[in-house]
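Subject: Structure handover and what was found in it

Hello,

Here is the structure you asked to take over. My notes on it follow below.

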Amino acid sequence: MDKFEFKVNGETFFADQQAVDAAVLLQAAFAGKAIGQDPNKTGYELRVPDSKVIFVSGQVVELDKYNVFRAAPKEGAPFA
């Protein structure tokens with residue numbers, strides 16, 4: 001089975017499918033300690049670096065198009 005690589009905040013993860021809900025990517029990032037808070041309790045978004053593209057839970061991410069992200073809470077300063 002193929003795995004699809006993606007990075008969140010510099011950490012590398014793998015998904016089983018090429019098209020994945022952003023919530024799945026955020027959960028993998030939380031489990032892998034790339035983000036500090038549970039994305040189900042704290043709203044997070046995935047930002048594509050050097051782009052205006054943003055994904056939130058419920059949106060499908062095509063990992064063949066976008067696979068490097070910065071994750072930050074939706075509220076407050078996005079990057080400290």
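Predicted model: local features only at pLDDT ≥ 70, side-chain atom pairs only at ≥ 80, totals over all residues.

Confidence

The average pLDDT of the protein is 92, and 92% of the residues score at least 70. Among the elements, the lowest mean pLDDT belongs to strand 7, at 95. The highest belongs to strand 6 (residues 60-62), at 98.

Salt bridges

How many salt bridges does a search of the whole structure find? The search finds 2. In one of them, the side chains of D16 and K3 meet, at 2.5 Å from N to O. D16 sits in the loop between strand 2 (11-15) and strand 3 (19-21), while K3 sits in the segment before strand 1 (4-8), so the pair ties together parts that are 13 residues apart in sequence.

Another salt bridge is formed by the side chains of E45 and R47, at 2.6 Å from N to O. E45 is buried, because its relative accessible area is 9% and the cut-off for buried is under 20%. R47 has a relative accessible area of 26% and is partly exposed.

Strand 4 and its partners

E45 belongs to strand 4, which covers residues 44-47. Strand 4 is joined to strand 7 (residues 68-73) by 4 bridges, and the two run antiparallel. Within this pairing, Y44 stands opposite P73 and E45 stands opposite A72. Strand 4 is also joined to strand 5 (residues 54-56), by 3 bridges and again in the antiparallel sense. Here R47 has I54 as its bridge partner.

Strands 4 and 5 form a hairpin with 6 residues between the strands. In that hairpin, D50 takes a positive phi near 55°.

With neighbours within four places in sequence left aside, E45 is in contact with I54, F55, V56, R70, A71, A72 and K74.

Strand 7 has a further pairing, with strand 1, in the parallel sense and over 2 bridges. K7 has V68 of strand 7 as its bridge partner.

Y44

Y44 is found in strand 4 and is buried, with a relative accessible area of 6%. What does Y44 touch, leaving aside its neighbours within four places in sequence? Its contacts are L26, I35, G36, Q37, P39, V56, A71, A72, P73 and K74. For Q37 there is also a polar detail: its backbone nitrogen lies 3.5 Å from a polar atom of the Y44 side chain. Y44 and A23 are 21 residues apart in sequence, and their C-alpha atoms are 8.9 Å apart in space.

The nonpolar core

The largest nonpolar core has 19 residues. Those with the most contacts inside it are F6, V8, L25, L46, L63 and F69. Which elements give two or more residues to this core? They are strand 1, strand 2, helix 1 (22-31), strand 4 and strand 7. Helix 1 gives the most, with 4 residues.

Not counting residues up to four places away in sequence, L46 touches V8, A22, L25, L26, V53, I54, F55, F69, R70 and A71.

After strand 7

E75 lies in the segment after strand 7. In contrast to the buried Y44, E75 is exposed, with a relative accessible area of 68%. E75 and A22 are 53 residues apart in sequence and 17 Å apart in space, C-alpha to C-alpha.

Regards

Technical notes. Residues numbered from 1 in each chain as written. Heavy atoms only, no water. Buried < 20%, exposed > 50% of the residue type's maximum accessible area, 1.4 Å probe, protein only. Contact = heavy atoms within 4.5 Å. Salt bridge = Lys/Arg side-chain N within 4 Å of Asp/Glu carboxyl O. Pairing = 2+ DSSP bridges. Core = buried A, V, L, I, M, F, W, Y, C linked by side-chain atoms within 4.5 Å. Polar contact = N/O pair within 3.5 Å; in protein donor to acceptor, adjacent residues only side chain to side chain. pLDDT = per-residue confidence, 0-100.
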